[in-house]
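Let us walk through this structure step by step. Keep the sequence and the model in view as you read.

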Amino acid sequence: MTTKQSISLSHWGAFIAEVTDGRLTRTSPFPDAGSPSPMVTAWPDMVYSKVRILQPMVRRGFLEKGAASDRSQRGREPFVPVSWEQALDLAAGELQRVKSDHGNQAIFGGSYGWSSAGRFHHARTQIRRFLFSFGGCVDQAGNYSWGAAQFILPHVIGSHRSVSEEATSWKSITENAGLLVAFGGLNPKNWQITSGGAGHHALDGLVKDAVEAGVELVVISPTRDDAPDWMRARWIAPRPNTDTALMLGLAQTLIAEGLHNTDFLNRYCVGFEPFRAYLNGEQDGIVKDAVWAAAITEIDADTIRQLARQMAAERTMLTASWSLQRGDHGEQPFWALIALAALLGQIGLPGGGFSFGYGSMNGIGAPREEALTPNMEPMANPIGLAIPVARIADLLLSPGETIDFNGSRVTYPDIKLIYWAGGNPFHHHQDLNRLLQGWQRTETVIVHESWWTPTARLADIVLPATTTLERNDIGGSTRDRYVFAMPKAIEPVGQSRNDFDIFDELAGRLDCRE
């Protein structure tokens with residue numbers, strides 16, 4: 001009996017893989033994991049799950065009739081196992097048919113980047129490189145995590161780095177702040193995961209250091225678990241989705257009581273006067289004061305006033321979780337929080353101002369070295385067409401409709417083929433019934449997957465993909481201090497192939513390999 005160990009990486013964190021006689025038998029946290037996620041121990045069950053896809057499969061009706069099959073049978077008809085050669089020939093034939101008959105704008109390239117922490121075998125990158133080499137596809141712009149913030153923040157503060165990359169460190173907060181107000185909470189369960197993986201989970205200790213140093217935490221969330229007892233936080237529970245109204249009530253209180261920093265506003269900000277006029281109801285007759293906010297948020301007006309006064313009296317960090325901007329008018333809470341921080345005049349001071357995402361993901365506010373992380377750049381999309389990431393159902397259901405998007409106009413093409421690799425939209429998307437309706441309109445659906453997810457079950461051609469442990473890769477996150485070699489630990493399960501190898505085979509058939 002031969003046992004070997006190697007290090008690998010998942011979005012839940014780095015881990016040690018133990019392989020005995022070629023079979024994965026155990027996974028355990030990386031030694032420097034800090035506060036590791038228990039999820040890293042699930043790998044043996046995942047790799048050998050009874051819902052692994054073991055060979056290429058084609059829906060029976062599609063195998064018999066191709067694109068003319070009854071699409072309503074997706075998810076109902078059985079799948080038929082086929083050889084890799086037949087599956088790849090079918091997939092290449094459908095791609096070529098749709099391109100020839102309808103153009104590349106009829107192909108939707110779908111992916112969401114959580115499929116692998118490895119940066120080479122990153123499905124979203126691989127599928128885009130392949131489809132862009134093939135002449136392009138309808139792509140997706142933005143993300144579900146902080147998509148509204150991504151497109152509003154450049155218009156407010158010049159870039160989206162405060163949500164995508166940069167956050168004031170917890171060390172600076174501990175050493176300089178007296179108060180941290182967290183809209184949307186600071187739930188520790190969210191600190192288990194990082195896009196691209198983590199070698200070290202530090203936030204539990206960093207937040208505890210802040211609490212022990214006397215930083216007061218105010219957690220504003222309808223959910224009690226967003227303020228666990230050990231944080232000793234003051235919990236304020238607003239009516240869900242009323243955070244913007246609360247921020248406006250706080251802002252109006254600061255102005256009404258002369259607690260706003262006029263020097264900062266005059267020197268560093270544009271637009272204060274129209275904002276002040278709006279808060280005071282000079283155009284609509286509605287003063288957005290603490291009483292007004294109380295009626296919307298169901299928080300007592302005196303509580304709102306007292307919090308505003310406390311924020312002005314000491315060094316204060318304002319933060320919002322990413323979840324606040326996932327909704328209609330999702331740009332408003334992030335914009336309002338920046339405006340509130342500007343009124344306080346502490347932006348740029350150690351431990352003060354604003355940051356986003358402390359309650360959303362591991363690594364935000366953790367110390368790290370500024371260094372390059374491994375990344376494989378996609379190529380340019382020849383047709384230059386992308387839809388907002390959360391508009392998939394609209395795209396599929398409303399061809400020809402034109403929408404406004406970030407200062408431009410986007411017209412939805414008529415999608416004939418969906419090619420999806422990485423992620424599961426029937427877990428991620430908003431209205432799954434509408435998504436299913438749009439999905440059934442499409443002539444052909446090709447999916448790469450390791451397991452029989454809903455997306456795989458609703459496909460026509462299913463190509464089995466390897467997991468992280470079945471290939472060589474390199475991984476790392478901009479929010480972590482490690483870069484990991486991820487050596488292949490076991491042979492591919494069943495007939496699984498790497499996404500890259502699948503695309504390479506297809507590219508050879510479609511004359512776009514080079």
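Helices (H or I, at least four residues) and strands (E, at least two) are DSSP runs, numbered from the N terminus. This is a predicted model, in which local features need pLDDT of at least 70, side-chain atom pairs count only at pLDDT 80 or more, and totals for chains, interfaces and linings use all residues. Residues are numbered from 1 along each chain as its sequence is written, and side-chain values use heavy atoms, with hydrogens and water left out.

Begin with helix H5, residues 147-157. Its buried residues (under 20% relative accessible area, with exposed over 50% and partly exposed in between, for a 1.4 Å probe and protein chains only) are Gly147, Ala149, Gln150, Ile152 and Leu153. What covers them? The cover includes helix H6 (161-164), helix H14 (331-344) and strand E12 (353-356), where contact means heavy atoms within 4.5 Å. Just after H5 comes Gly158, with a positive phi of about 100°.

Now turn to the sheets. Two strands pair if DSSP finds at least two bridges between them. Three strands form an open, antiparallel sheet in the order E1-E2-E3. Strand E1 (3-10) and strand E3 (23-29) are its edges, and each pairs on one side only. From one strand to the next, the twist averages 30°. Axes here are lines fitted to C-alpha atoms, for helices over the stretch in contact, and angles run from 0 to 180 degrees between N-to-C directions. Eight bridges link E1 to strand E2 (residues 13-20) in the antiparallel sense. Thr3 stands opposite Thr20 in E2.

Another open sheet has six strands. Its order is E5-E4-E18-E17-E16-E6, and its pairing is mixed. Strand E5 (79-81) and strand E6 (107-110) have a single partner strand each, so one side of each is left without a neighbour in the sheet. Neighbouring strands of this sheet are turned by 15° against each other on average, direction ignored.

Look next at strand E18, residues 461-464. Two bridges join E18 to strand E4 (residues 57-59), and the two run antiparallel. Met57 has Val462 as its bridge partner in E18. Val58 stands opposite Ile461. E17 and E18 run parallel and are joined by four bridges. Val462 in E18 is also the bridge partner of Val447.

In a regular strand the side chains alternate between the two faces of the sheet. In E18, Ile461 and Leu463 point one way, Val462 and Pro464 the other way, and all are buried.

Helix H3 (residues 84-102) touches E4, E6, strand E16 (417-421), strand E17 (444-449) and E18. The direction of H3 makes about 130° with that of E18. Helix H19 (residues 499-509) lies across E16, E17 and E18, and runs at about 145° to E16.

Finally, where is empty space left inside? A probe the size of a water molecule, rolled over the atoms, shows this. A cavity is a set of points on a 1 Å grid over the protein atoms alone where a 1.4 Å probe fits but cannot get out; lining residues have an atom within 4 Å of a point. The whole structure holds two cavities of 30 Å³ or more. About 80 Å³ of space lies in the largest cavity, a volume being the space filled by probe spheres set on the points, which are joined across faces, edges and corners. Its lining includes His200, Asn362 and Arg479. The second largest cavity has a volume of about 30 Å³. Among the residues that line the second largest cavity are Trp12, Pro29 and His201.

Notes: 1 Å grid on protein atoms, 1.4 Å probe; cavity = no way out; pocket = protein on both sides within 12 Å on 5 of 7 lines; lining within 4 Å.
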